[in-house]
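Work through the following exercises with the model open beside the text, and compare each solution with what you find there.

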Amino acid sequence: MVAMDVSEIKARVPREIIESLEARGIRTFTPPQAMALEKDLLKGRNMLVASPTASGKTRVAELACVNSILSKGKKALYIGPMRALVSEKYNEFKAAYPYIKAAISMGDLDAADMWLAEYEMIFVSTEKLDSLIRHKINWLPEVGCIVFDEIHMLGEPGRGPTLELLITKLSSMTDAQLIALSATIGNPKELAEWLKAELVASDYRPVMLKKGIVSEGKVFYGDDDKEELYGKSSIPEIRVLEDTLERSKQALIFYASKRNTEAGAVRLAPHIRKLLTVGELEALAKVADKVLGTLERPTAQCIKLSEQIRSGVAFHHSGLMNAQRSAVEEAFKGNLIKAVCSTTTLGYGVNLPAHTVLIRDIHRHNGVSADRIGVNEVMQLFGRAGRPKYDKEGRALLIATSKYDVPVLYKGYIEAEAEPIDSNLGVVPTLRMHLLAFIAEDFLNDVESMHAFIRKTFYGHQYGDNLHMKNVISEVLDDLEEWKFVESVGGRSYVATKIGKRVSELYIDPLSAKWMLDSMDNASDTLGILYMISNTVEMRPYVRATEEAEAQFVMRRSMNRGIYLYESGMDYGSYDPVAAFSTALMLNDWMEELDENTLVKKFGTTPGALFAKLMNADWLIYSAVELAKASRKSAHSLIDARVRLRYGIKEELLDLVRLEQIGRARARRLFNNGIRRVTDIRDNREKVMMLLGPELAQKVFSQLGSAGAGSAVP
Ligand SMILES: Nc1ncnc2c1ncn2[C@@H]1O[C@H](COP(=O)(O)OP(=O)(O)OP(=O)(O)O)[C@@H](O)[C@H]1O
Ligand SMILES: [Mg+2]
């Protein structure tokens with residue numbers, strides 16, 4: 001199949017599509033795009049596009065979505081697995097079709113986001129859409145086209161099952177056209193059959209991607225194709241960098257851990273810095289200052305990142321703050337940062353100007369042992385090299401530790417076939433959460449229809465009807481009934497209780513909900529509350545358990561058995577009380593107003609991980625409040641703890657933070673200067689002006705009229 005001229009579809013699509021494509025300078029469709037069109041993409045056929053990285057899969061989705069919106073007057077939905085990816089697609093779409101009402105929704109998992117109903121093109125993450133459905137959004141019937149990007153994620157043990165169930169659910173709840181986009185995988189036919197989709201499989205590559213193995217200063221591209229790398233370093237990653245810079249190109253290097261990315265950036269920095277122009281150094285300094293100023297007081301990691309950026313290199317991993325990650329991505333796209341050392345946070349779907357991709361670490365620790373990463377993953381990471389928007393060709397490399405390893409790696413990765421993807425549905429915690437949701441929504445109530453539903457999943461497609469799954473289902477239903485989240489009607493059918501419905505909407509594991517309900521009354525003080533929310537799967541991975549934490553835990557356990565020694569005989573999953581307690585101590589220190597820098601050091605974590613924990617903790621404590629209300633328990637101390645956790649403040653600041661614009665630092669400044677309550681502000685206007693500056697002070701004064709001054713918890 002060859003490329004197809006855009007004008008060929010003129011007669012079949014709304015004029016706006018052609019105009020938008022032409023405005024962006026797109027005159028021909030890539031072969032997978034042309035094939036999809038040939039196979040009746042625009043007539044609403046389901047479609048699985050399985051083609052190499054950068055072959056233009058997004059545009060297939062775009063055509064189907066815009067066609068659905070403009071010709072059929074029906075909404076379209078884009079579902080992606082990663083934040084960076086979903087925002088990139090949203091931004092591109094808005095720029096291409098400014099007159100289509102597009103929205104993005106990724107946040108709060110206990111919200112129906114009714115405002116979304118107004119929009120025509122909706123971008124969501126997998127989990128967000130799943131939670132929207134639990135809140136019974138009423139606009140699903142108006143959806144005419146649903147896109148699942150990076151659908152091979154279905155094979156991931158952690159998040160795959162949620163995606164799989166979501167696809168099954170949506171295809172039975174709507175008659176929308178399904179567009180699934182996948183990288184090259186081993187079993188595209190099987191996946192397409194399951195989706196009742198036309199398969200568009202293509203091996204088209206828009207840019208030449210040279211794939212090779214680095215050893216002793218040379219790259220081996222197979223057969224007799226060898227290339228001497230420019231430079232003189234004997235350290236492979238530095239040598240590859242030297243060579244890339246010599247070509248005036250940029251490099252993206254993948255490492256197996258956050259720590260490795262940071263060490264890598266430090267190693268590369270001097271080699272880049274010496275080549276930078278004065279103009280570049282100045283522009284980089286601006287980016288570095290921005291990154292340094294992300295937090296009130298920069299942590300060691302912020303300082304490290306900004307220092308490396310001054311030298312034209314950066315590290316990128318989940319421990320960075322969102323704003324820092326975007327700053328790095330922008331500066332890399334703008335050719336200011338010459339090399340990025342990344343974990344897989346930049347590995348999927350995104351378009352970056354990396355001429356050379358190097359996978360430095362081929363092994364990754366899974367907690368127990370180090371495993372070699374899979375072929376599909378290597379292809380995904382390689383696919384970040386040489387993106388059409390930025391380059392005509394790309395280079396993707398692996399490192400061999402000895403020359404004997406060269407043919408092994410070449411055979412094992414570059415010549416290897418893609419792996420098939422498999423369903424991971426047979427695991428209890430995921431099913432527990434989803435079966436409760438099915439019952440709570442009255443989507444599936446009886447055991448027979450659950451079995452029938454499972455037959456419609458990819459699991460069912462792959463393994464047929466089987467006893468293992470039936471046993472798992474009945475085990476889960478027994479638990480949910482025992483925990484009083486569902487009630488059985490006549491033995492084989494279930495309805496959700498009031499509290500079961502709430503648990504489902506809160507989007508937490510029913511087991512976490514059960515634990516919180518059982519231990520709420522024993523959480524006699526703040527640390528107890530924090531322990532209650534920390535001892536859940538949602539708060540994992542825990543921060544490092546220190547010896548001090550262990551000692552404190554033992555002491556608390558002997559003094560106040562309550563929550564620390566739960567003896568109902570109930571098994572709350574794999575139980576790691578000291579580590580959970582450690583995490584609670586970290587939250588407690590945050591509420592005692594320790595600064596981020598100290599916390600990060602004390603608990604051996606990163607600012608990004610700290611904030612992710614704080615967000616999860618906020619979510620769980622909110623859930624605890626909701627569960628307390630639903631079961632008519634007192635929620636006062638939980639609500640206060642939530643406000644303190646949210647702002648990171650001691651109890652004495654609770655009154656002041658009710659004011660807008662007054663957070664942790666400003667409230668503390670006011671308090672230490674004798675302004676301890678909102679009412680003190682009225683009588684000390686001058687002092688407040690001095691402490692906050694006139695502009696901010698005015699904003700604060702204007703809130704005084706409305707005596708209540710708003711509530712801190714929205
Ligand atoms: N017909 C076309 N002509 C020119 N450029 C195109 C065309 N279609 C897509 N592109 C460009 O190619 C680049 C890669 O496209 P896209 O992101 O859709 O790749 P992909 O197939 O989804 O890859 P991945 O598997 O890495 O997600 C984008 O910058 C896009 O703008
Ligand atoms: Mg893509």
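**Exercise 1.** In which hand, left or right, does helix 1 pass helix 3?

*Solution.* This is a predicted model, in which local features need pLDDT of at least 70 and side-chain atom pairs count only at pLDDT 80 or more, while totals for chains, interfaces and linings use all residues. Residues are numbered from 1 along each chain as its sequence is written, and side-chain values use heavy atoms, with hydrogens and water left out. Helices are DSSP runs (H or I, at least four residues), numbered from the N terminus. Helix 1 passes helix 3 in a right-handed crossing, a term used if the near helix is turned clockwise from the far one by less than a right angle. The contact (heavy atoms within 4.5 Å) involves Glu16, Ile17 and Leu21 of helix 1, together with Arg59, Glu62, Leu63, Val66, Asn67 and Leu70 of helix 3.

**Exercise 2.** Classify the ring pair of Tyr531 and Phe553.

*Solution.* Rings of Phe, Tyr and Trp (its six-membered ring) pair if their centres lie within 6.5 Å, with planes under 30 degrees apart counted as stacked, over 60 as edge-to-face and the rest as tilted; by this rule the count comes to 21 aromatic pairs. For Tyr531 and Phe553 the centres are 6.0 Å apart and the planes at 45°, so the pair is tilted. Tyr531 belongs to helix 21 (residues 526-534) and Phe553 to helix 22 (residues 547-559), 22 residues apart.

Technical notes
Chains lettered and ligands numbered in written order. Helix = DSSP H or I, 4+ residues; strand = E, 2+ residues; numbered from the N terminus.
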